[in-house]
Amino acid sequence: DYTLEALEEVLDPAQFFRVNRSYMVSIHHVQDVMVYSNSRLRITPAVKWDQEIIVSREKVADFKHWFDGNN
C-alpha cells in the first residue's frame, strides 16, 4: 500500500519510470511505444492490460531519454 510518490523513492529509476499521475512502468514490461495525440506517447505493456497507458506531455522528453538509455 504505497503511493506512487513513495514508490518513486524506493524503486530503481533505471528500471521504473512514472509516466503520469496514475502509472509507473517497468522497462522490462514495455512492449511498444507509439505516438499518440497532442505530443504524447501510448505504451503497450508486455502483459494484458485493459486501460491505455499514456505518457503525459510533461514527461515525454524524460521518458524518451529513459527508454532509449535502457534499450
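Trainee: Let's start with Arg18: buried or exposed?
Mentor: Arg18 counts as buried, at 12% relative accessibility. Buried here means under 20% relative accessible area, so 12% falls in that class. Keep in mind that this is a predicted model.

Trainee: How accessible is Glu5?
Mentor: Glu5 is partly exposed, with 45% relative accessibility.

Trainee: What about Glu8, what does its side chain do with Arg18?
Mentor: The Glu8 and Arg18 side chains form a salt bridge, at 3.2 Å from N to O. Glu8 is in helix 1 and Arg18 in strand 1, so this pair ties together parts that are 10 residues apart in sequence. Glu8 is partly exposed, at a relative accessible area of 35%. Through shared partners, salt bridges join Glu5, Glu8 and Arg18 into one network.

Trainee: How many salt bridges does the count come to?
Mentor: The count is 4. One of them is between the side chains of Lys48 and Asp50, at 2.9 Å from N to O.

Trainee: Are Lys48 and Asp50 buried or exposed?
Mentor: Lys48 is exposed, and Asp50 is exposed as well.

Trainee: Switching topic, how many aromatic pairs does a search of the whole structure find?
Mentor: The search finds 5. Among them is the pair of Phe17 and Phe63, which is edge-to-face, with 5.6 Å centre to centre and 70° between the planes.

Trainee: Where in the chain do Phe17 and Phe63 sit?
Mentor: Phe17 is in strand 1 (residues 16-18) and Phe63 in helix 2, 46 residues apart, so the pair links distant parts of the chain.

Trainee: Which residues do the ring pairs link into a cluster?
Mentor: Phe17, Phe63, Trp66 and Phe67 are linked that way.

Trainee: Last one: where is Ser56?
Mentor: Ser56 is in the loop between strand 5 (53-55) and helix 2 (60-70). Ser56 is buried, at a relative accessible area of 15%.

Trainee: What does Ser56 touch?
Mentor: Leaving out residues up to four places away in sequence, Ser56 touches Val19, Asn20 and Arg40.

Terms used
Residues numbered from 1 in each chain as written. Predicted model: local features only at pLDDT ≥ 70, side-chain atom pairs only at ≥ 80, totals over all residues. Heavy atoms only, no water. Helix = DSSP H or I, 4+ residues; strand = E, 2+ residues; numbered from the N terminus. Buried < 20%, exposed > 50% of the residue type's maximum accessible area, 1.4 Å probe, protein only. Contact = heavy atoms within 4.5 Å. Phe/Tyr/Trp six-rings, centres within 6.5 Å; stacked < 30°, edge-to-face > 60°.
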